Structure formats: structure tokens, C-alpha cells
Amino acid sequence: QVHVVELGGGLVEPGGSLRLSCIASGRNLFVGAMHWYRQPPGKQRERLATVARGGWTDVVDSVKGRFTVSRDVPKNTAYLEMNNLKLEDTALYYCKVEDYSGTYWGQGTQVTVSS
């Protein structure tokens, strides 16, 4: 089984920045793609970004230009750099990890944008 944990959420003012981390751990890991999702209160979960093992990235249009995804393959860690945060970015942010053994979700980390 793969354990996934997200770190870095918190309270930030509009226009501010946060960097989220997603760390996968376990035995016999072979992590493929890693993905970032978010779920605002009362809304459906949506995918934000994907970073493949080989470095290919994709960011959805709604946050493109403000959010950047990257990863450190040896550390089994992905990052989501969020800049110029807006009120509508308030959500629970999740990481999804693809591994040889299956697909795993973290518990989520709360990002609240408020003035």
C-alpha cells in the first residue's frame, strides 16, 4: 500500500502564494503520474494538474499561468506552486498518486484565501 500526504495548505490573502507538497511513501514504490485536484465547499472535485514520471506536465486552463506543477522523482514528491491566489481558489487540495500497485489519494490539505 502507498501512503500519500499533502503538506503546505493554510490561510493566505488574495494575491499571495503557497507551495503544496505531495509525498508518497511505502515499500516497493514505483510512482508514475502524480496529480493535483481540489474540491471547493459544496462543489465537485476537479483535476488541476498532472506531472508524469518523465517530467511532462499539464495544467488546466482555469489556473494556467498561476499554478505550476513539478516533481522530484527520487523523493517521490510532487509540488504545486500557487501564485496570485484568488478567493475562488479556496478548497481542499488533494494529491492522487499512480503506482504500479494502484492509485492512491492523500487526505487533502486546506487552502483558504481570505482578506
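Student: What relative accessible area does W105 have, and how is W105 classed?

Tutor: W105 has a relative accessible area of 37%. Buried means under 20% and exposed means over 50%, so W105 counts as partly exposed. Keep in mind that this is a predicted model.

Student: What percentage of the protein counts as buried?

Tutor: Of its 115 residues, 45% count as buried.

Student: Now the rings. How many aromatic pairs are there?

Tutor: Ring centres must lie within 6.5 Å for a pair to count. The count comes to two aromatic pairs. In one of them, the rings of Y37 and W105 have centres 4.8 Å apart and planes at 55°, so this pair is tilted. Y37 lies in strand β4 and W105 in strand β10, 68 residues apart, and the pair thus links distant parts of the chain. Y94 and W105 also form an aromatic pair, with 6.2 Å centre to centre and 85° between the planes, which is edge-to-face. This pair too links distant parts of the chain: Y94 is in strand β9 and W105 in strand β10, 11 residues apart.

Student: Which residues form the aromatic cluster?

Tutor: Y37, Y94 and W105 form one cluster.

Student: Which charged end sits over the ring of Y94?

Tutor: For this feature, look for a charged side-chain end placed over the ring. The charged end of R45 sits over the Y94 ring, 3.6 Å from the ring centre. R19 has its charged end over the ring of Y79, at 3.9 Å from the centre.

Student: What do strands of a sheet pair through?

Tutor: Strands of a sheet pair through backbone hydrogen bonds, in a parallel or an antiparallel arrangement.

Student: What is the order of the strands in the open sheet of four strands?

Tutor: The order is β1-β3-β8-β7, and the pairing is antiparallel. An edge strand pairs on one side only; in this sheet the edge strands are β1 (3-7) and β7 (67-72). Direction ignored, neighbouring strands of the sheet are turned by 15° against each other on average. Within it, β1 is joined to strand β3 (residues 18-25) by five bridges. H3, for instance, stands opposite S25 in β3.

Student: How many bridges join strand β9 to strand β10?

Tutor: Four bridges join strand β9 (residues 91-99) to strand β10 (residues 102-105), and the two run antiparallel. A hairpin of two residues leads from β9 to β10. K96 has W105 as its bridge partner in β10.

Student: In which sense do β9 and β11 pair?

Tutor: They pair in the antiparallel sense over three bridges. L92 has Q110 as its bridge partner in β11. Strand β2 (residues 10-12) pairs with β11 in the parallel sense, also over three bridges. There, L11 stands opposite T112 in β11.

Student: Last, the whole protein. What radius of gyration does the protein have?

Tutor: The protein has 14 Å; a compact globule with 115 residues would have a radius of gyration near 13 Å, so the value agrees. Taken along the principal axes, its C-alpha atoms fill a box of roughly 45 × 25 × 20 Å. Among contacts between residues at least 6 apart in sequence, 53% join residues at least 24 apart.

Technical notes. Residues numbered from 1 in each chain as written. Predicted model: local features only at pLDDT ≥ 70, side-chain atom pairs only at ≥ 80, totals over all residues. Heavy atoms only, no water. Pairing = 2+ DSSP bridges. Phe/Tyr/Trp six-rings, centres within 6.5 Å; stacked < 30°, edge-to-face > 60°. Buried < 20%, exposed > 50% of the residue type's maximum accessible area, 1.4 Å probe, protein only. Lys NZ or Arg CZ within 6 Å of the ring centre and 35° of its normal. Axes fitted to C-alpha atoms, helices over the stretch in contact; angles between N-to-C directions. Rg over C-alpha atoms; globule rule 2.2 N^0.38 Å. Contact = heavy atoms within 4.5 Å.
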